[in-house]
Amino acid sequence: METPDFKRVIRGYDPEAVDQAWAETDRQLSEANAAHKELRLQINSLREQNVESSNRLKNYEQMEKDLRDALLSAQRIANQVKNEASKQADELIQSARNESETLLSEATRISESMELDVETKLIEKRMEILQLEQQIESLAEQKAQLQTQVDQAIRYLEMAKEVFIFDISSNADQQV
């Protein structure tokens with residue numbers, strides 16, 4: 001707003017110029033008041049927007065904090081689950097090892113027992129074979145003895161036959 005420059009007239013300032021300046025000042029003041037009111041409305045609107053933005057920012061900061069907490073909690077839970085899974089896996093592996101050692105030990109024991117049984121049966125069969133071989137030798141000796149006796153009996157029979165034939169022929173010669 002400019003400072004009006006009034007001309008001097010008799011008895012003070014020119015009333016028309018003062019009225020005109022007053023009207024211009026009034027108009028400028030009205031415009032300034034309207035602009036001031038508009039600026040106050042804008043300031044109030046901007047303050048409200050600032051409060052809303054501030055509230056949103058607080059909400060976003062709270063969400064960020066909640067998300068951070070949720071991520072940390074999820075990470076802790078994931079680590080716990082991972083550790084628990086690792087522990088269970090170790091327990092399963094140890095259990096499997098123990099079971100396999102038990103099965104291997106039992107299989108070894110059964111195998112050794114079966115091997116011992118087989119060796120015992122093998123020894124028994126060898127003994128049976130030896131007994132059969134001895135029986136075969138004994139039977140072969142008996143056969144040889146019987147064959148000798150049969151051969152001897154045949155010789156005796158042939159000798160008896162010759163003696164008998166000779167007796168019969170001598171008796172027949174004597175009777176003729």
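I165 counts as partly exposed, because its relative accessibility is 46% (buried means under 20% relative accessible area, exposed over 50%, partly exposed in between, with a 1.4 Å probe and protein chains only). This is a predicted model: local features need pLDDT of at least 70, side-chain atom pairs count only at pLDDT 80 or more, and totals for chains, interfaces and linings use all residues. Residues are numbered from 1 along each chain as its sequence is written, and side-chain values use heavy atoms, with hydrogens and water left out.

**Around I165**
- I165 sits in helix α1, which covers residues 15-175.
- F164, I165 and I168 form a nonpolar surface patch of about 300 Å².
- Such a patch takes residues with over 30% relative accessible area and no salt bridge, and joins nonpolar side chains (Val, Leu, Ile, Met, Phe, Trp, Tyr) within 5 Å.
- A salt bridge puts a side-chain nitrogen of Lys or Arg within 4 Å of a carboxyl oxygen of Asp or Glu.

**Fold and shape**
- The protein chain has 1 helix and 2 strands (DSSP runs: H or I of at least four residues for helices, E of at least two for strands).
- From the N terminus, the order is β-β-α.
- The radius of gyration of the protein chain is 70 Å, well over the 16 Å that the globule rule gives for 176 residues, so the chain is more spread out than a compact globule.
- That radius is taken over C-alpha atoms, and the rule is 2.2 Å times the number of residues to the power 0.38.
- Along the principal axes, the C-alpha atoms fill a box of roughly 230 × 30 × 20 Å.

**Burial**
- Of the 176 residues of the protein chain, 1% count as buried.

Notes. Patches are made of residues with over 30% relative accessible area and no salt bridge: like charges are joined within 9 Å, nonpolar side chains (Val, Leu, Ile, Met, Phe, Trp, Tyr) within 5 Å. Accessible areas come from the Shrake-Rupley method with a 1.4 Å probe; for residues, only the protein chains shown count as cover.
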